[in-house]
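Hi everyone, thanks for coming. Have a look at the chain on the screen, and I'll walk you through a few things I found in it.

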Amino acid sequence: MIGNLAYTLGRQTAAVACRIIQVRRFLHGAHFRVSSPVQEALADGRPIVALESTIITHGMAYPHNLRMAREVEEIVRANGSVPATVAVLNGRIHIGLGDEELQFLAKSKNLVKVSRRDLPYILSQGLSGGTTVAGTMIVAYKVGIPVFVTGGIGGVHREGEKTMDVSADLTELGRTPVAVVSAGVKSILDIGRTLEYLETQGVCVAAFGESREFPAFFSCQSGFQAPCQVHNEEEAAKLIASALALGLGSGVLIAVPCPKEEAASGQVIEDAIQEALSKARSKGITGKELTPFMLQEVNELTSGKSLDSNIALIQNNARVGSRIAVALSKIQNAKGKGNPPRREKVTARRPVVIGGINVDFIAKARNATVLAGGQTNAGKVSRSFGGVGRNLAGA
């Protein structure tokens, strides 16, 4: 009984220590730059909201993208959280951007979409780009930010059962414990199959608000029900806190519908999507180029209505996500488990090591020849400590 308890305690302590070391290495690594506001918020345990940057680099045209990015960050601040926009600039991952950096992303052409598979290459080549949902989730988890706000996640593309075109966002949600606040998945995708894939990945999906219907990005109705429902920010925070406490290793998707007054008609959007899909097939557009092309075509075919809805839902997600982050921070701080790394608590923590300590005595004679028969041999005795437990404690 005591042995089992000691073993469990040892494993948990080792996991916490390992996580703290990982975060510290991340914050001070050669590939990362964390802005001062984000570093201070991490140290103080204040709520932070991660924001992706492909919506700036590939989601909207200039100057809409720059205005949207500034407004979203301001909404996050106004609702009690610190914004942490993530991007890769000249081969370094930036967590928290200044206005000049936002302008660079908004105005630059031919920037890269950076997902999990792209990170090693982009960093090694010193390139710049916007992080996708998957890419941003990885960074948010490594730095210790549990809430991430975006517009809509990727998913299974239409006819994905033939093309196997499935967004890496879905597999990332299955293996990275970060809560993603979005307006569901983009309407241009196969929503039903996307929900099935998320179930397979073990992702907890919850509709936010009065309805359990899973939102369809531009539209509030998709025709599909979400597996779960949370009515407000506090319920969402409790759900996220439970998921993190269980240590399942998977993320949570909070699906927030677009505000009704800004939502587009489902049929109008669907007609535009079908026309855009036909044009994409005729031009041979596939892979990661498909989503930006589709969004641009749908915007033109709806005379800008889809863009208006896009901006409105992102702003609404930022508002809701920031309040969720505040509520989650209160829960974590009340339990003494604020967002790592909290410097004042990290330095105060002392590890508990359960293991062996050995004391070694080494006796060496002064002369090369040792006399036997009861004589006294002059020499020196030294003492040293070892053992796995002692070595770990020392380290």
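A contact here means heavy atoms within 4.5 Å. With that, take the contacts in the chain with a separation of 6 or more: 73% of them join residues 24 or more positions apart.

Quick housekeeping: this is a predicted model, where local features need pLDDT of at least 70, side-chain atom pairs count only at pLDDT 80 or more, and totals for chains, interfaces and linings use all residues. Residues are numbered from 1 along each chain as its sequence is written, and side-chain values use heavy atoms, with hydrogens and water left out.

The chain has 16 helices and 13 strands; those are DSSP runs numbered from the N terminus, H or I with at least four residues for helices, E with at least two for strands. Of its 395 residues, 50% are buried, meaning under 20% relative accessible area, while exposed is over 50% and partly exposed is in between (1.4 Å probe, protein chains only).

Now find helix α14, residues 305–334. Its 30 residues reach 44 Å from first C-alpha to last, close to the 44 Å expected at 1.5 Å a residue; the expected span is 1.5 Å times one less than the number of residues. How much of α14 is buried? 21 of the 30 residues are, so α14 is largely enclosed by the rest of the structure. Just after α14, G336 takes a positive phi of about 75°.

Last stop, V359: this residue lies in strand β12 and is partly exposed, with a relative accessible area of 40%.
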